[in-house]
Amino acid sequence: MTVLFMPYRCGRCGYQIADLKEFELIPGTRCPICNYRIFYKVRPPIVKRLKI
Ligand SMILES: [Zn+2]
């Protein structure tokens, strides 16, 4: 199984962290732009393929 990293979005400025390494590099998990501490998980759009 492939585990995809769920992107995080800053609750204040909307800055999105899409890289797990970048997320871990931020001390205390704060937004690098506005220093906000609340992040929301961003769910990637689910792509469904239908077999015809
Ligand atoms: Zn921010």
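Student: Which residue in E2 does Tyr 8 stand opposite?

Tutor: Strands (E, at least two residues) are DSSP runs, numbered from the N terminus, and two strands pair if DSSP finds at least two bridges between them. Here Tyr 8 stands opposite Ile 17 in E2. Strand E1 (residues 8-10) and E2 run antiparallel and are joined by two bridges. This is a predicted model, in which local features need pLDDT of at least 70, side-chain atom pairs count only at pLDDT 80 or more, and totals for chains, interfaces and linings use all residues. Residues are numbered from 1 along each chain as its sequence is written.

Student: In what order do the three strands form the open sheet?

Tutor: The order is E2-E1-E3, with antiparallel pairing. Strand E2 (16-17) and E3 are the edge strands, each pairing on one side only.

Student: What does Ile 17 touch?

Tutor: Contact means that the C-beta atoms of two residues, placed from the backbone, lie within 7 Å. Leaving out residues up to four places away in sequence, Ile 17 touches Pro 7, Tyr 8, Glu 22 and Phe 23.

Student: Why does Val 42 count as partly exposed?

Tutor: A residue is buried if 20 or more other C-beta atoms lie within 10 Å of its own, exposed if 12 or fewer, and partly exposed in between. Val 42 counts as partly exposed because it has 13 C-beta neighbours inside 10 Å. Val 42 is found in the segment after strand E3 (39-41).

Student: How many Å apart in space are Val 42 and Pro 7?

Tutor: They are 5.2 Å apart, C-alpha to C-alpha, and 35 residues apart in sequence.

Methods
Helix = DSSP H or I, 4+ residues; strand = E, 2+ residues; numbered from the N terminus.
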